[in-house]
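Let's take a look around a protein chain together, pocket by pocket and strand by strand. Have the picture open while you read.

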Amino acid sequence: MSARRTLLVPAALVGVLLAVSGCGPDDPSGPGPAQAATGTPAAAPTGGPASAPVSAPATAPSGAATAATTAPGAAAPKATAPAAPTAAAPGGGGADDAYAYTHPCDPKDLTLRVTARPEAPTQRVIEVHNQGAHSCGLSYFPLVTVGDSHSADRAKDIRPLVPGGLGGPPAYPVGAGRTAFAVIDLNPGGGSAASAAGVDELNVVADGDHMPAAETRNFPLGPGAKARAPKLGLYRPTVADAVASAATADQRQG
């Protein structure tokens with residue numbers, strides 16, 4: 001009978017075999033050095049419990065914009081442009097001539113005042129302000145007379161000269177919130193000869209074509225006022241233009 005031989009494997013060789021087979025005392029399911037460095041998640045060990053699925057919240061957080069869902073192959077929805085503002089009604093402001101020519105000014109929509117010109121003591125500025133919501137029409141010039149406030153007989157009141165060659169209506173449009181100016185020069189020549197005596201008042205109707213005499217407003221001229229062949233200009237948008245118009249007055253009012 002032959003003797004039984006015992007196979008002795010060196011310890012160093014055992015370590016090599018273990019390393020090659022992947023077995024060892026460490027947990028094989030843990031991440032290797034590359035995984036730990038890159039953050040790549042390690043694969044779940046075979047046969048281990050499956051990870052629980054993570055459900056997305058059913059409702060978007062408050063204040064978050066919600067994206068529109070578009071079917072595959074369909075065109076993306078177009079944004080709707082905001083509606084344009086509604087245009088203002090005609091005559092609602094500014095100088096709408098067409099509206100003003102067919103709508104004479106209502107006296108209750110007007111304010112009327114008379115002021116002196118320091119640089120021209122013989123001149124007075126007549127201001128008609130439209131405080132209404134729409135444009136309106138005035139006559140070419142205000143109806144003006146110069147007289148004695150203490151006299152019962154107004155037939156002696158003086159009517160100034162006005163520019164001629166005006167033609168017929170329409171006359172002067174004044175926009176909502178705007179002012180029309182007219183200037184009267186009581187004594188264009190500057191002399192004192194043949195001046196009317198007792199003159200102390202300017203009588204004004206803003207629109208002599210459409211307003212009754214009851215709408216006359218009286219403005220004191222102050223002591224020592226003189227009137228000699230006074231001249232009245234047309235309504236104009238500025239005082240300077242009204243002064244230039246008064247200088248052209250050459251026709252007596254009818």
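Start with the lining of the second largest pocket, whose residues split into five nonpolar, four polar and three charged. Here Ala, Val, Leu, Ile, Met, Phe, Trp, Tyr, Cys and Pro count as nonpolar, Asp, Glu, Lys and Arg as charged, and the others, Gly among them, as polar.

A quick word on the model: it is predicted, so local features need pLDDT of at least 70 and side-chain atom pairs count only at pLDDT 80 or more, while totals for chains, interfaces and linings use all residues. Residues are numbered from 1 along each chain as its sequence is written, and side-chain values use heavy atoms, with hydrogens and water left out.

**The two pockets**

What is a pocket here? On a 1 Å grid over the protein atoms alone, with a 1.4 Å probe, it is an open set of points with protein on both sides within 12 Å along at least five of seven lines, and lining residues have an atom within 4 Å of a point. The volume is the space filled by probe spheres set on the points, which are joined across faces, edges and corners. Helices (H or I, at least four residues) and strands (E, at least two) are DSSP runs, numbered from the N terminus.

| Pocket | Volume | Lining by class |
|---|---|---|
| Largest pocket | About 320 Å³ | 12 nonpolar, six polar, one charged |
| Second largest pocket | About 190 Å³ | five nonpolar, four polar, three charged |

The second largest pocket has Leu143, Arg154, Asp157 and Asn218 among its lining residues. Strand S4 (143-147) and strand S8 (201-205) each supply at least two residues of that lining, and S4 gives the most, with three.

Now for the largest pocket, with about 320 Å³ of space. It is lined by 19 residues, and the closest to its centre are Leu138, Ser139, Ala171, Asp209 and His210. The elements that give two or more residues to this lining are helix H3 (97-101) and strand S3 (136-138).

**A three-stranded sheet**

S4 and S8 turn up again in an open sheet of three strands, in the order S4-S8-S9, with antiparallel pairing. S4 and strand S9 (217-220) are the edge strands, each pairing on one side only. From one strand to the next, the twist averages 20 degrees, an angle between N-to-C directions (on a scale from 0 to 180 degrees) of axes fitted to C-alpha atoms. Strands pair if DSSP finds at least two bridges between them; S8 and S9 have four. Val204 stands opposite Arg217 in S9.

**Around Glu127**

Is Glu127 buried or exposed? Glu127 counts as buried because its relative accessible area is 16%, and buried means under 20% (exposed is over 50%, partly exposed in between, with a 1.4 Å probe and protein chains only). Glu127 sits in strand S2 (residues 120-130). Leaving aside residues up to four places away in sequence, Glu127 touches Thr111, Leu112, Arg113, Thr115, Thr179, Ala180 and Phe181, where contact means heavy atoms within 4.5 Å.

S2 pairs with S7 in the antiparallel sense over seven bridges, and Gln123 has Asp185 in S7 as its bridge partner. Six of the seven residues of strand S7 (residues 179-185) are buried. S7 also pairs with strand S10 (residues 231-232), antiparallel over two bridges, and there Asp185 is partnered by Lys231.

**The whole chain**

Zooming out, the chain has four helices and 11 strands. Of its 254 residues, 27% count as buried.
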